[in-house]
Amino acid sequence: MRTLAVVLVAFAALTACSSGDQPSKTPESSKPSSAPKPSSNAAAASLDPCKLLPAAAVSKALFLDNLQAVAGPVQDNAANGGKARSCEYQLNGKAAGALAVTRYEGRQAKPADMVASIKKAKVGAQDVAGFPDGAVFYVDEQKTATLASAELVSGTPVLVNYTGPAKMTAEQMAPLVKAALDAS
């Protein structure tokens, strides 16, 4: 079960931006939707989901005690340039959810376009308010719920998504994704 959940999270993160739509290759408009974080490209390369969203924060949001964070496998996709890292949150060895962070080095993509691409690709996806570049929530055919958003980190497009059981709501997931985005 643990491996399946991690693979699903990583797969969702890697395929989210590889739909038929190509991200905009034009420069950002003069109206910035998300300013790059001031630091080197090393910041984007070193995004560790377990550090961005500690187990204690997930425990608090889900009202579960003693969740443990376990790093997931590295999932890179040469076809779309995605480099995904994940962190699974477990209670007594059972998955309670996972955070995936996928960076797209060398790509020119606007975070809002990345979110729009996910919404277009996922049946029943709904916009989630409160995110500067948008966020989307959906429940997929594997009966997992996902909330995804994106931002630029040192000029690199980064997709952040939390995936949990289908019973989780966007309201439960939004603070988790916001915390990870704020920490990146």
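**A strand residue and its surroundings**

Reply: Leaving aside residues up to four places away in sequence, Gln126 touches Ala135, Val136 and Phe137. Bear in mind that this is a predicted model. Gln126 belongs to strand E5, which covers residues 126-127. Now compare sequence with space. Val139 is 13 residues from Gln126 along the chain, and their C-alpha atoms are 9.8 Å apart.

Next, follow one of those contacts. Val136 is touched by Gln126.

By the ring rule, the model has 1 aromatic pair. Its members are Tyr89 and Tyr162, with ring centres 6.2 Å apart and 25° between the planes. Why is the pair called stacked? Planes under 30 degrees apart count as stacked, and the angle here is 25°. The partners come from distant parts of the chain. Tyr89 sits in strand E3 (residues 82-91), Tyr162 sits in strand E8 (residues 156-165), and 73 residues separate them.

Are these two tyrosines buried or exposed? Buried means under 20% relative accessible area. Tyr89 has 0% relative accessibility, so it counts as buried. Tyr162 also has 0%, so it counts as buried too.

The charged end of Lys178 sits over the ring of Phe131, 5.2 Å from the ring centre.

Now look at a loop. It runs between helix H4 (55-62) and strand E1 (68-71), and Phe63 is found there. Asn66 lies in this H4 to E1 loop as well. Most residues other than glycine have a negative phi. Phe63 has a positive phi, near 55°. Asn66 has a positive phi too, near 65°. Exposed means over 50% relative accessible area. Phe63 reaches 75% relative accessibility, so it counts as exposed. Asn66 reaches 65%, so it counts as exposed.

Finally, step back to the whole protein. Its secondary structure comes to 6 helices and 8 strands. From the N terminus, the order is α-α-α-α-β-β-β-β-α-β-β-β-β-α. The protein has 184 residues, and 46% of them count as buried. Consider the contacts with a separation of 6 or more: residues 24 or more positions apart account for 57% of these. The accessible surface comes to about 9,000 Å², and carbon and sulfur atoms hold 56% of that area.

Definitions and conventions
Residues are numbered from 1 along each chain as its sequence is written. This is a predicted model: local features need pLDDT of at least 70, side-chain atom pairs count only at pLDDT 80 or more; totals for chains, interfaces and linings use all residues. Side-chain values use heavy atoms; hydrogens and water are left out. Helices (H or I, at least four residues) and strands (E, at least two) are DSSP runs, numbered from the N terminus. Buried means under 20% relative accessible area, exposed over 50%, partly exposed in between (1.4 Å probe, protein chains only). Contact means heavy atoms within 4.5 Å. Accessible areas come from the Shrake-Rupley method with a 1.4 Å probe; for residues, only the protein chains shown count as cover. Rings of Phe, Tyr and Trp (its six-membered ring) pair if their centres lie within 6.5 Å; planes under 30 degrees apart count as stacked, over 60 as edge-to-face and the rest as tilted. A charge sits over a ring if NZ of Lys or CZ of Arg is within 6 Å of the ring centre and within 35 degrees of the ring normal.
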